[in-house]
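I opened the file today to look up a few points. My notes follow in the order I checked them.

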Amino acid sequence: MCNDYRLMVDVASIVEDFADLKIKIRFSEGSPNIEAREDIKITDMGPIIRPVEGASDEADLVQRRWSWPGQNKRPVYNFRSDGREFTSNRCLIVADGFYEFTDPAEKGKKKKDKWLFTKRDEAIFCIAGIWRDTKDVGEAYTMLTMEPGPDIKPYHDRQIVILERSAWADWLNPAISAKSLIKPLPAGTLSVAQVG
């Protein structure tokens with residue numbers, strides 16, 4: 001499952017993409033200093049976008065920890081969406097790429113092959129997430145997962161939920177069924193390149 005993703009764009013680019021959808025981004029905790037990062041890993045801080053209560057055309061960008069401690073203190077960084085309806089604490093996880101790892105194709109190589117997935121024709125995309133407030137680490141988020149779509153299936157038996165741009169506002173609206181928004185992207189939507 002996805003345990004590493006990328007965000008190489010700045011805050012202004014994120015704000016602009018949401019403005020195109022008529023969603024104004026607020027910074028309730030001040031404008032964050034989001035560094036371009038090739039790797040955002042479990043327990044790192046990352047930007048998420050959450051709804052603003054009573055304002056369908058606004059959203060709040062904050063930085064939170066990716067994963068919260070689950071059973072046996074193991075990090076919950078992916079969460080199965082299968083058959084579930086999420087009516088609260090939804091968030092959008094902003095990314096411009098994510099990684100999957102496969103057994104090495106090269107004989108004798110010990111390190112897994114690393115594959116970078118990006119969305120064709122879009123600088124950023126949003127992953128469906130949920131967040132919760134925990135006594136151990138405070139507020140933290142996790143990525144929802146689903147059965148793999150055609151672009152991911154050759155690499156993994158599950159995938160993170162990547163929302164179509166037209167569904168970003170709907171994901172932030174708890175009145176809209178989460179199940180109706182969780183679906184695989186059409187074949188050819190994602191580009192893939194081996195990076196390690």
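This is a predicted model: local features need pLDDT of at least 70, side-chain atom pairs count only at pLDDT 80 or more; totals for chains, interfaces and linings use all residues.

Next I placed Asp17 in the chain: the residue lies in helix 1, residues 11-20. Which residues does Asp17 touch, leaving out those up to four places away in sequence? I found Ile124, Arg165 and Trp168.

Then I looked up Ile14. Beyond its neighbours within four places in sequence, Ile14 contacts Leu7, Val9, Ile34, Ile49, Leu61, Val94 and Ile124.

I moved on to the nonpolar core. The largest one holds 54 residues. Ile14 is among those with the most contacts inside this core, along with Tyr5, Ile49, Phe98 and Trp171. Which strand gives the largest share of the core? I noted strand 12, residues 125-134, with six residues.

I found an open sheet of five strands in the order 3-1-10-11-16, with antiparallel pairing. Strand 3 (37-41) and strand 16 (190-194) are the edges, and each pairs on one side only. On average, neighbouring strands here are turned by 30 degrees against each other, direction ignored.

I took a further look at one pair. Strand 10 (residues 97-102) runs antiparallel to strand 11 (residues 113-119), and five bridges join them. I asked what stands opposite Tyr99 in strand 11. Leu116 does.

Terms used:
Residues are numbered from 1 along each chain as its sequence is written. Side-chain values use heavy atoms; hydrogens and water are left out. Helices (H or I, at least four residues) and strands (E, at least two) are DSSP runs, numbered from the N terminus. Contact means heavy atoms within 4.5 Å. Two strands pair if DSSP finds at least two bridges between them. Axes are lines fitted to C-alpha atoms, for helices over the stretch in contact, and angles run from 0 to 180 degrees between N-to-C directions. A nonpolar core is a set of buried Ala, Val, Leu, Ile, Met, Phe, Trp, Tyr and Cys residues joined through side-chain atoms within 4.5 Å. Buried means under 20% relative accessible area, exposed over 50%, partly exposed in between (1.4 Å probe, protein chains only).
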